[in-house]
Amino acid sequence: MTKPLANRIALVTGASRGIGFATAIALAKAGAHIVATARTQGGLEELDDEIRRDGGSATLVPLNLTDSDGIARLGAGLHERYGKLDILVGNAGVLGPSSPIGHIELKTFNDVMAVNVSANFQLIRCMEPLLKQSDAGRAVFITSGAANKATAYVSPYAASKAALETLARAWAQETANTAIRVNLFNPGPIRTRMRATLMPGEDPATLDTPEQVAEFIVPMCAPGWTETGKFYDYKARSLLSFRAPA
């Protein structure tokens, strides 16, 4: 039986652990060849082992996403090797400090924005031409409820996710008349290292796993997915449209 994502190329950022790791495995099980990026070589090798164990295939790309030239080189490499990109999952992100705004250094703020916003901006710039070469280019960016709640004490993270959402929505409008579909995915509280850092007293057993989340991301990467500029709320199990403030 042909797998639903057979012969499709999927780029997953932050793939060495958490939601990125689980999503890469789920996409591979569906038949996609995974191009996995992360800063951690060891985590990527573990991912490769898991994917190959299930009969899938992966290309590992150790990359710090603050290296904008590295992202450009990745795009050029994908063009040379495959001539296209079918799926982009922008998962990589950093939490940053948990502190009042007045206690946060400018460099620290800029470091969060560099990974959570600027890196995704560069990914869009460099991967859009490749996604346009696909018969059904799909992009999914992982966001957070902190973006619209303006959560106290994690202001750099909240601001960066709000910026990411606007960036993705603008791109969705720009590509609405193409075969590209761009959407956002809000997982909510999930059993990840980032969540444990933010909420160290929380019982992780009360949270859903990255593997459960990945099951809902995969359909958004498939050729049959037609929505664009939307927001999937995992906790509510709902696909939402953005509404302007009253």
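## Strands 2 and 3

Strand 2 (residues 33–38) and strand 3 run parallel and are joined by five bridges. Isoleucine 34 has alanine 58 as its bridge partner in strand 3. Two strands are said to pair if DSSP finds at least two bridges between them. Strands (E, at least two residues) and helices (H or I, at least four) are DSSP runs, numbered from the N terminus.

This is a predicted model, in which local features need pLDDT of at least 70 and side-chain atom pairs count only at pLDDT 80 or more, while totals for chains, interfaces and linings use all residues. Residues are numbered from 1 along each chain as its sequence is written, and side-chain values use heavy atoms, with hydrogens and water left out.

Eight strands form an open sheet with mixed pairing, in the order 3-2-1-4-5-6-7-8. Strand 3 (58–62) and strand 8 (238–240) are at the edges; each has a single partner strand, so one side of each is left without a neighbour in the sheet. From one strand to the next, the twist averages 20 degrees.

## Helices on the sheet

Helix 4 packs on the sheet and touches strand 1 (9–13), strand 4 (87–90) and strand 5 (138–142). The direction of helix 4 makes about 175 degrees with that of strand 4. Angles run from 0 to 180 degrees between N-to-C directions, and axes are lines fitted to C-alpha atoms, for helices over the stretch in contact.

Helix 6 (residues 155–174) lies across strand 5, strand 6 (181–186) and strand 7 (231–233), and runs at about 155 degrees to strand 6.

## Helix 3 with helix 4

Helix 3 (residues 68–81) and helix 4 (residues 106–132) pack at about 20 degrees, with axes 9 Å apart. They are therefore roughly parallel to each other (angles under 35 degrees count as roughly parallel). Contact means heavy atoms within 4.5 Å. Residues of helix 3 that meet helix 4 include Ile71, Leu74 and Leu78; among those on the helix 4 side are Leu123, Cys126 and Met127. By class, this contact of helix 3 with helix 4 has nine nonpolar, four polar and no charged residues. Ala, Val, Leu, Ile, Met, Phe, Trp, Tyr, Cys and Pro count as nonpolar, Asp, Glu, Lys and Arg as charged, and the others, Gly among them, as polar.

## Helix 4 with helix 6

The axes of helix 4 and helix 6 come within 8 Å and cross at roughly 15 degrees, and the two helices are therefore roughly parallel to each other. The contact includes Phe109, Phe121 and Glu128 of helix 4, and Tyr157, Leu164 and Trp171 of helix 6. By class, the contact of helix 4 with helix 6 has 13 nonpolar, three polar and one charged residues.

Methods. Parallel < 35°, antiparallel > 145°, perpendicular 65-115°, else oblique.
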